[in-house]
Amino acid sequence: MVQSSVDSGRFRLCRSSENLRDLCEEVCRQLSLLARSKNVRLELAPFDPGWVVEVDRVRLRQALQNLVRNAIAHSPLDDTVTLSAHRQEQQVVVEVQDRGMGFMGQDPRLLFLPFVTGRQAKTGGETSSGLGLSIAKSIIEAHHGCIEAADGAQRVAVFRFRLPVAAEP
């Protein structure tokens, strides 16, 4: 539904000032059962609890959920998915990392196209529509942010997005 709204130009955001830490904690709570079902630890790394972003809370939560679900799906059993954030000038940088098989030589930019799935199999036999990362990209870009994926060291897959920090009152 989000993808068709973006494609048709009907995508609207209801922005408000939101605490980024609270939003990340909420996503971790919501997906903790899914992570536990695969014996995957979902870890929220410490970061400044005072960062505020002007976002559509529902949409940004959806983007975060899509990224974290994807990481859980590609994580081996008994491993860790990490959600972290840091500030870089006037932006916050949010990262989701998993220790699956990485991108196996596939151009990670392709993963953000609709209906594209990674070459590696999901570790728990999950299925995919190939829309989650595309929807996350659409949401982040609608917030004037950018998103990317990169292979980290030791087959760590990193999905990273940047959003402007809300202006100080």
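Contact here means heavy atoms within 4.5 Å. The structure described is a predicted model.

Five strands make up an open sheet, ordered 2-4-5-7-6, with mixed pairing. Strand 2 (41-44) and strand 6 lie at the edges. Each has a single partner strand, so one side of each lacks a neighbour in the sheet. On average, neighbouring strands are turned by 15° against each other, direction ignored. Helix 2 packs on this sheet and touches strand 2, strand 4 and strand 5. The direction of helix 2 makes about 175° with that of strand 2.

Strand 5 has pairings with strand 4 and with strand 7. Strand 4 and strand 5 run antiparallel and are joined by seven bridges. Ser84 has Glu95 of strand 5 as its bridge partner. His86 stands opposite Val93 of strand 5. The two strands form a hairpin, with two residues between them. In the turn, Glu89 has a positive phi of about 55°. Strand 5 and strand 7 are also antiparallel, and eight bridges link them. Here Val94 has Phe161 of strand 7 as its bridge partner. Strand 5 is mostly covered, with six of its eight residues buried.

Next, the helices. The axes of helix 3 (residues 57-74) and helix 4 (residues 132-142) come within 9 Å and cross at roughly 145°. The crossing is left-handed. Helix 3 contributes Arg59, Leu60, Gln62, Ala63, Asn66, Leu67 and Asn70 to the contact. Helix 4 contributes Gly132, Leu133, Ile135, Ala136, Ile139 and Ile140. Eight of the contact residues are nonpolar, four are polar and one is charged. The buried residues of helix 4 are Leu133, Ser134, Ile135, Ala136, Ser138, Ile139 and Ile140. Just after this helix, His144 adopts a positive phi of about 65°.

In soluble globular proteins, nonpolar side chains tend to be buried together. The largest nonpolar core holds 42 residues. Leu20, Leu64, Leu67, Leu83, Phe159 and Phe161 touch the most other members. Elements that each supply at least two residues of this core include helix 2 (20-37), helix 3, helix 4, strand 4 (80-88), strand 5 (91-98) and strand 7 (157-164).

Phe159 illustrates these contacts. Neighbours within four places in sequence are left aside. Phe159 is then in contact with Leu67, Asn70, Val94, Glu95, Val96, Phe103, Leu111, Phe112, Leu133, Glu148 and Ala149. Of these, Leu67 and Asn70 belong to the helix 3 side of the helix contact, and Leu133 to the helix 4 side.

Conventions:
Residues numbered from 1 in each chain as written. Predicted model: local features only at pLDDT ≥ 70, side-chain atom pairs only at ≥ 80, totals over all residues. Heavy atoms only, no water. Axes fitted to C-alpha atoms, helices over the stretch in contact; angles between N-to-C directions. Helix = DSSP H or I, 4+ residues; strand = E, 2+ residues; numbered from the N terminus. Left-handed = near helix turned anticlockwise from the far one by under 90°. Nonpolar A, V, L, I, M, F, W, Y, C, P; charged D, E, K, R; others polar. Core = buried A, V, L, I, M, F, W, Y, C linked by side-chain atoms within 4.5 Å. Buried < 20%, exposed > 50% of the residue type's maximum accessible area, 1.4 Å probe, protein only. Pairing = 2+ DSSP bridges.
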